[in-house]
Amino acid sequence: MPSWLNARLSWSVLRLLVMVGVIVGVFSLFLLLQGKDPVRAYQDIVRINLQNPRGLAEVLVRMSPLLLTALGVAIPFRAGLINVGAEGQFMVGALVGTWAALNLGGLPRPVLLPVVILAGMAGGAAWGLVPGVLRARGWMNETITTLLLNYVAPLIVGYFVFGPWRAAEFAIYPQTAEIPPAARFPILVGGTRLHLGFALGLAALLLYGYGVARTRWGLELKTVGGNPEAARRLGLSVGGWMVAAMALGGALAGLAGIAEVAAIHSRLKLAISPGYGFMGFLVNWLAFANPVGILLMAFLMALIAASGFTLQITQQLPFAAVNVLMALILFTVLAKPLGKGVRR
């Protein structure tokens, strides 16, 4: 292995270890401030969520949307864009995918399932396309538009689940009717909730890792994000790459949305996401858009999220404490200085 590549890998591993250390440190400090024993808490988390097969499967279930939403942020990040809107793209992907499942239910399963997946990705891509075009035209910063669109998407979903799509049998809890069985994601491991979405997330991560490291697509994406003027001189359409990156990122976040509907809830409801889009942004920020880092950080974030119930039982902490912890980690990481080699 060339010395420069070896040094780069070592630096990447070191950065990831530092980030893991930051998370563990913040977590421990949070527990101490709550008057809890961090060592006992870690022992409980490992015993219930890692050593138990069902507990581990639940961690992987929570990891699935984090992988996809983190990739939805990482691809625009490589193109020099900050996509804060994975949450809204997640919601719109769930909405459009649910529409396909409810209205095309007569199709056979080998046709319906891919159609539902593609519909969810199309919804997320369309929601990402809007800030991408505005940014490419130079009309508006994508950070602002993606952030604001996060508040528009739930309003649209709410209109449908409270209005025309509301199932009559669930008058008290607004939600749609169940999607047909042919549109639901298959379970990968019997006796658990681990579903096809996890395999799709891993496949997307592998494609992303290969694409950014070994293909011309990855090189041009990095060029556009690293030096737009140089990209223009090379004949690349910087605006086109920005739009494409935002749309592709939105498509992956939309896939996460329809996966939650078709694998976990079987119907669309307003509370379909506990904040997977925001958590995906945090995962990518911790991982610096590195594929291995995204895998590691998504697992850690999923483990922390799954540990909420564990801490609720063993440490008598409210489940909302996990949300507080996520916010503390985000603030801690955002406080770090960005070095030259960190942005891409």
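Predicted model: local features only at pLDDT ≥ 70, side-chain atom pairs only at ≥ 80, totals over all residues.
**Exercise 1.** Work out which secondary structure elements the chain has and in what order they run.

*Solution.* Start with the count: there are 13 helices and zero strands. Then read from the N terminus on: the elements run α-α-α-α-α-α-α-α-α-α-α-α-α.

**Exercise 2.** Compare the radius of gyration of the chain with that of a compact globule of 344 residues.

*Solution.* For the extents, the C-alpha trace spans about 60 × 50 × 35 Å along its principal axes.

**Exercise 3.** Describe burial, surface and charge in the chain.

*Solution.* Buried means under 20% relative accessible area; by this cut-off, 51% of the 344 residues count as buried. The accessible surface comes to about 15,700 Å², and carbon and sulfur atoms hold 69% of that. Finally, count the charged side chains: 25 are positive and 10 negative, with the centres of the two sets 8 Å apart.

**Exercise 4.** Find the residues that touch the most other members of the largest nonpolar core, then follow I304.

*Solution.* The core holds 102 residues, and those touching the most other members are I294, M297, M301, I304 and I329. Helix α10 (residues 238–265) gives the largest share of this core, 14 residues. Now take I304 and set aside its neighbours within four places in sequence: I304 contacts I23, F27, V322, L325, M326 and I329.

Notes: Residues numbered from 1 in each chain as written. Heavy atoms only, no water. Helix = DSSP H or I, 4+ residues; strand = E, 2+ residues; numbered from the N terminus. Rg over C-alpha atoms; globule rule 2.2 N^0.38 Å. Buried < 20%, exposed > 50% of the residue type's maximum accessible area, 1.4 Å probe, protein only. Areas by Shrake-Rupley, 256 points an atom, 1.4 Å probe, with all protein chains shown as cover. Lys, Arg positive; Asp, Glu negative; His and termini not counted. Charge placed at Lys NZ, Arg CZ, Asp CG, Glu CD. Core = buried A, V, L, I, M, F, W, Y, C linked by side-chain atoms within 4.5 Å. Contact = heavy atoms within 4.5 Å.
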